[in-house]
Amino acid sequence: QVQLVESGGGLVQPGGSLRLSCAASGNIFSINAMGWYRQAPGKERELVARITGGGNTNYADSVKGRFTISRENVKNTVYLEMNSLKPEDTAVYYCNMVIVLTNEGTYKYWGQGTQVTVSS
């Protein structure tokens, strides 16, 4: 069994910064891609940033130059550093990992979501 636990969301003023973390625990052999998605009210969930097992990254155009995704493999953790936040970044942010379980195959897991609100 695998669990992803997110932290770091909250209320921030426009132009401010937040750092999200997502740690995986359980029967983990290795983790391939890690990513962050977000869903604003009335909108579909969208990819924000993704990092492969080899460290290659890609970002949504709307966050390029402002957000940075990174991973710490020894801790099974992915981070999202968010700078120059805008009101349109307000959403519930979800982490996602493709995890190889010990002797049980490969599966995609989601975190529980953390609210990010950008408002003055």
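Biologist: In this predicted model, which residues is Tyr93 in contact with, leaving aside its neighbours within four places in sequence?

Modeller: Contact here requires heavy atoms within 4.5 Å. With neighbours within four places in sequence left aside, the residues touching Tyr93 are Glu6, Leu20, Trp36, Tyr37, Arg38, Val48, Phe67, Leu80, Met82, Gly113, Thr114 and Val116.

Biologist: Which residues have the most contacts inside the largest nonpolar core, and which strand gives the most to this core?

Modeller: The largest nonpolar core has 32 residues, and those with the most contacts inside it are Trp36, Leu80, Tyr93 and Ile99. Several strands each supply at least two residues, among them β1, β3 (18-26), β4 (28-39) and β5 (46-51). With six residues, the strand that gives the most to this core is β9.

Biologist: Is Asn96 buried or exposed?

Modeller: Asn96 lies in strand β9. A residue counts as buried under 20% relative accessible area. The relative accessibility of Asn96 is 5%, and therefore Asn96 is buried.

Biologist: Which residue has its backbone oxygen 3.5 Å from a polar atom of the side chain of Asn96?

Modeller: Not counting residues up to four places away in sequence, Asn96 touches Ala33, Met34, Gly35, Tyr37, Lys108, Tyr109 and Trp110. The backbone oxygen that lies 3.5 Å from a polar atom of the Asn96 side chain belongs to Tyr109.

Biologist: Which strands stand at the edges of the open sheet of four strands?

Modeller: Strands of a sheet pair through backbone hydrogen bonds, either parallel or antiparallel. In this open sheet the order is β1-β3-β8-β7, and the pairing is antiparallel.

Biologist: Which residues form the covered face of β7?

Modeller: In a regular strand the side chains alternate between the two faces of the sheet. The uncovered face of β7 holds Thr68, Ser70 and Glu72, while the covered face holds Phe67, Ile69 and Arg71.

Biologist: Which residue takes a positive phi in the hairpin of β7 and β8?

Modeller: β7 and β8 (residues 77-82) pair in the antiparallel sense over six bridges, and Thr68 stands opposite Glu81 in β8. Four residues lie between the two strands of this hairpin, and the one with a positive phi, near 50°, is Asn76.

Definitions and conventions. Residues are numbered from 1 along each chain as its sequence is written. This is a predicted model: local features need pLDDT of at least 70, side-chain atom pairs count only at pLDDT 80 or more; totals for chains, interfaces and linings use all residues. Side-chain values use heavy atoms; hydrogens and water are left out. Two strands pair if DSSP finds at least two bridges between them. Buried means under 20% relative accessible area, exposed over 50%, partly exposed in between (1.4 Å probe, protein chains only). A nonpolar core is a set of buried Ala, Val, Leu, Ile, Met, Phe, Trp, Tyr and Cys residues joined through side-chain atoms within 4.5 Å. A polar contact is a pair of N or O atoms within 3.5 Å; within protein, one must be able to donate a hydrogen and the other to accept it, and residues adjacent in sequence count only if both atoms are side-chain atoms.
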